[in-house]
Amino acid sequence: MNKLKKTLFSNKHIELDKNSLIMAIESSCDETACAIVKGGREVVANVVASQIKIHEEYGGVIPEIAAREHLEAINVVINETFKQAGVSGKDITAFAGTVGPGLVGCLLVGLNAAKTLALVYDKPFIGVNHLNAHLAANFIDTELEPPFISLLVSGGHTQIIKVDSYSDLNIIGETIDDAVGEAYDKVARLIGLPYPGGPKLDKLAQEGNPFAFKLPQAKVGGYDFSFSGLKTAVLRLVKSFDEKEIPTKDICASFQECVSETLYKKVKSAINETKYKQVVLAGGVAANSEIRKKIFSLKDEGFLVYAPAMKYCTDNASMVAAAAYFFNNTFDDVNVEVFSRA
Ligand code: KG4
Ligand code: ZN
């Protein structure tokens, strides 16, 4: 794919091709990440410094602490990426950074670093939407091309997106309250698991009986979702047991069954209606064992199903570089400002 890009900063056209090297930075939440990706699909270097250990203590991400940690980590992470790739700034075709949505203080650190690199090396700058980046994780090491239906499940978002082309992305359904990752983290906290509870809940669920308790699947119209009622139902269920006798594994498994079945049904109706042949799973929660299993079962019905490798599901910068390469980003201007909400 060849693509013309013009950035206001450099005021020149660049052509992206299979040999283009994009260096991207991601710092929207609690991961400071930098990567270099060739031709949008081949990861040359991928470095992630996670702050999970620091936020674990507080049971969630504290924005001010997260921003300071990004400041501490950013230069180390960038240098490590150059070192692992064996290239320097002058070899990079364009620099990219996450613009939003995310925590403003956190985004500022990574975005300013990416803009500075572009200025120093006199290269174009490409601003990327974090949600597009999660989708773009599916371009890494694959030959995926639009059109496809995507289920994006992360800590902050739950959306079904119709991707008709690299410049035509339409959200056809989303959550009206909690995001899936948020529901996982809240239910995990309720049963005493440390932050971020999602992956730990997933592990326990695999040892429990998914049909032990029947939990409510919210009836929301179209392709929209709601998970706050389910969270309350789990709270009620947990409280109905003596503290020492809570069947944690069965509750986790039943919750996971309810969430994954709800997501599966909506995706199924979206592909049935749109007649798309390709299904793409994306976002941090795409690492979930049961959601992956149910969405991948669509293969048996003749669909092509994609999900990123585990390390590209949660926040990383390779997906940002892939999004910078493939999508027609609207922030290709070095003056772009960060934003917190989609
Ligand atoms: O995409 P992401 O890194 O952050 C946002 O952009 O929001 O996703 C993080 C979310 C957290 O809520 C985390 O608990 C959840 O993804 N998560 C999982 C699993 N792995 C990560 N949730 C359920 N099962 C998992 N295996
Ligand atoms: Zn994310």
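Predicted model: local features only at pLDDT ≥ 70, side-chain atom pairs only at ≥ 80, totals over all residues.

Author: A polar contact here is a pair of N or O atoms within 3.5 Å. A polar side-chain atom of Asp 202 lies 3.0 Å from a nitrogen atom of the ligand. Taken on its own, ligand 1 has 550 Å² of accessible area, and the protein covers 88% of that.

The place itself is the largest pocket, in which ligand 1 sits. Three helical elements each give two or more residues to the shell: α4 (130-136), α5 (180-190) and α6 (197-205). In total, 18 residues surround the ligand, and the closest are Gly 155, Asp 185, Asp 202, Gly 284 and Asn 288.

Strand β8 covers residues 148-153, and strand β9 covers residues 158-165. The two form a hairpin with four residues between them. Their pairing is antiparallel and runs over six bridges; Leu 152, for example, stands opposite Gln 159 in β9. β8 also pairs with strand β11 (residues 278-282), this time in the parallel sense and over four bridges. There, Val 279 is the bridge partner of Ile 149.

How many of the residues of β8 are buried? Six of six are, and the strand is mostly covered. In a regular strand, side chains alternate between the two faces of the sheet. In β8, Phe 148, Ser 150 and Leu 152 point one way, while Ile 149, Leu 151 and Val 153 point the other way, and all of them are buried.

Because six of its six residues are buried, β3 is largely enclosed by the rest of the structure. One side carries Leu 21, Met 23 and Ile 25, the other Ile 22, Ala 24 and Glu 26, and both faces are covered. β3 and β4 form a hairpin with four residues between them. Six bridges join β3 to strand β4 (residues 31-38) in an antiparallel arrangement, with Ile 36 as the partner of Met 23. Strand β6 (residues 94-100) runs parallel to β3 and is joined to it by four bridges; Ala 24 is bridged to Ala 96 there.

Two single residues complete the tour. Ser 226 is found in the loop between α6 and α7 (228-239). Is Ser 226 buried or exposed? Buried means under 20% relative accessible area, and Ser 226 counts as buried because its relative accessibility is 16%. Its side chain makes a polar contact of 2.6 Å with the side chain of Asp 177.

Asn 75, in helix α2 (residues 63-85), has a relative accessibility of 53% and therefore counts as exposed. Between Asn 75 and Thr 32 there are 43 residues of separation in sequence, and their C-alpha atoms are 9.9 Å apart in space.

Conventions
Residues numbered from 1 in each chain as written. Chains lettered and ligands numbered in written order. Heavy atoms only, no water. Buried < 20%, exposed > 50% of the residue type's maximum accessible area, 1.4 Å probe, protein only. Pairing = 2+ DSSP bridges. Near = heavy atom within 4 Å. Polar contact = N/O pair within 3.5 Å; in protein donor to acceptor, adjacent residues only side chain to side chain. Areas by Shrake-Rupley, 256 points an atom, 1.4 Å probe, with all protein chains shown as cover. 1 Å grid on protein atoms, 1.4 Å probe; cavity = no way out; pocket = protein on both sides within 12 Å on 5 of 7 lines; lining within 4 Å. Sits in = over half its atoms within 2 Å of the grid points.
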